[in-house]
Amino acid sequence: MKKYNVAILGATGAVGQEFLNLIEERNFPFDNLKMLASKRSAGKHIEFMGKDYVVEEATDDSFDGVDIALFAGGSASKTFAPAAVKAGAVVIDNSSAFRMDPEVPLVVPEVNPEDIAKHKGIIANPNCSTIIMLMALKPLHDMGKIKRIVVSTYQAASGAGKDGMQELQDESEQIVHGESVNPHVFPVAKLPKHYQLAFNAVPQIDVFLDNLYTKEEMKMVNETRKIFHQPDMPVTATTVRVPVYRSHAESVNIEFEKEVTVEQARKAIDAFPGACVRDNPENQEYPMPLFTSGKNDVEVGRIRLDESVEHGMNLWVCGDQIRKGAALNALQIAEYMIKNDMI
């Protein structure tokens, strides 16, 4: 089997570390592996599959000879993606920098793999919440054509990276021991006001926009429309940060154009690759972050008809946003390209 030269930009962060876990788990066919990060992290050592790697500072020259560049996200994407493409690499980017660029495919491999072929060097990974939601909705959309989506998310601290997870842990310990907390990550680190996440729920993820929605909420709206190729699809979102380490949960309400039964929905979701049904109310079985953290599959449960509207349905969806919501989705794009001789 052919092997590929791979670079990971953001190798020391939460998503970068998950890339490494998945590359080993999935036996990804790499030859040379280059670990890249900011100047602050350069020089760190990462032990991976029995070999010691030194993290290099990312520069425009870092991508010479690289076939696949996995970008973990952040502002570095805008800086280095053009240089990587110029060097001949295919960039699979986890940031929001290129998602709504009409020249850049926005891809969930199980949902719209055909869009990968349209790339011009860069392929964008959708927002983690969008990926998790669409893994549940794609099989239903294929069956009954969804005409409206209303989603509320319950997003884990790890959506803010290692700093978010650490702050939740620190605050929890401080509160339990009767100590004061000094939050600085949530809702947004760069904003002047911060709230504790421990024992709390914060109804703001990212900054507010002129329409009073947050940037995170509009990402879900706009990305869903782009991935489904329905620019006018009615979608509305409310995104909330909750005190969970990892794995996002979502309450999704949908309206179909025609009748879809609960049993039909369960069968369609269970047959869809990367999704599974955990839905047994009699035995109190339903998806929870407790079950999906560290797992690849998105779980769907609490499937029930919305009795307030014709052809309506409610779902409860959980998925690990560092895995399927980020690193796994990107790696699956690379695997699809390899399988179809696109690299």
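1. Where is Asn-127 found? In this predicted model, Asn-127 belongs to the loop between strand S8 (122–124) and H3. With a relative accessibility of 3%, Asn-127 counts as buried, because the cut-off for that class is under 20%. A polar atom of the Asn-127 side chain lies 2.9 Å from the backbone nitrogen of Ser-129. Leaving aside residues up to four places away in sequence, Asn-127 touches Arg-99, Glu-216, Lys-219, Met-220, Glu-223 and Gly-325.

2. The next point concerns the sheet. Six strands form an open sheet with mixed pairing, in the order S10-S9-S11-S14-S13-S12. Strand S10 (235–241) and strand S12 (275–277) are the edge strands, each pairing on one side only. From one strand to the next, the twist averages 25°. In general, the strands of a sheet pair through backbone hydrogen bonds, in either a parallel or an antiparallel sense.

3. Two pairings within this sheet may be followed residue by residue. S9 and S10 pair in the parallel sense over seven bridges, and Val-150 has Thr-236 as its bridge partner in S10. Strand S11 (residues 248–256) and S14 run antiparallel and are joined by eight bridges; here the bridge partner of Ala-249 in S14 is Cys-318.

4. Helix H5 (residues 215–228) lies across S9, S10 and S11, and its direction is at about 140° to S10. Helix H3 (residues 128–144) lies across S9, S11, S12, strand S13 (298–306) and S14, and runs at about 30° to S11.

5. Aromatic contacts deserve a separate comment. How many aromatic pairs does a search of the whole structure find? The search finds four. In one of them, the ring centres of Phe-48 and Tyr-53 are 6.4 Å apart and the ring planes are at 50°, so this pair is classed as tilted. Phe-48 and Tyr-53 are both buried. Together with Phe-30, these two residues form one aromatic cluster.

6. Tyr-154 and Trp-316 also form a tilted aromatic pair, at 5.3 Å centre to centre and with 55° between the planes. This pair links distant parts of the chain, since Tyr-154 is in strand S9 (residues 146–155) and Trp-316 is in strand S14 (residues 312–319), 162 residues apart. Tyr-154 counts as partly exposed because its relative accessibility is 33%. Trp-316, with a relative accessible area of 22%, is likewise partly exposed.

7. A charged side chain is also placed against a ring. Arg-278 lies over the face of Phe-291, at 4.0 Å from the ring centre.

8. Finally, which strand holds Asn-5? Asn-5 is placed in strand S1 (residues 4–9). Its side chain is joined to that of Asn-32 by a polar contact of 3.2 Å. Not counting residues up to four places away in sequence, Asn-5 touches Asp-31, Asn-32, Gly-65, Val-66, Asp-67 and Ile-68. The C-alpha atoms of Asn-5 and Lys-34 are separated by 8.0 Å, although the two residues are 29 residues apart along the chain.

Methods:
Residues numbered from 1 in each chain as written. Predicted model: local features only at pLDDT ≥ 70, side-chain atom pairs only at ≥ 80, totals over all residues. Heavy atoms only, no water. Phe/Tyr/Trp six-rings, centres within 6.5 Å; stacked < 30°, edge-to-face > 60°. Buried < 20%, exposed > 50% of the residue type's maximum accessible area, 1.4 Å probe, protein only. Helix = DSSP H or I, 4+ residues; strand = E, 2+ residues; numbered from the N terminus. Lys NZ or Arg CZ within 6 Å of the ring centre and 35° of its normal. Pairing = 2+ DSSP bridges. Axes fitted to C-alpha atoms, helices over the stretch in contact; angles between N-to-C directions. Contact = heavy atoms within 4.5 Å. Polar contact = N/O pair within 3.5 Å; in protein donor to acceptor, adjacent residues only side chain to side chain.
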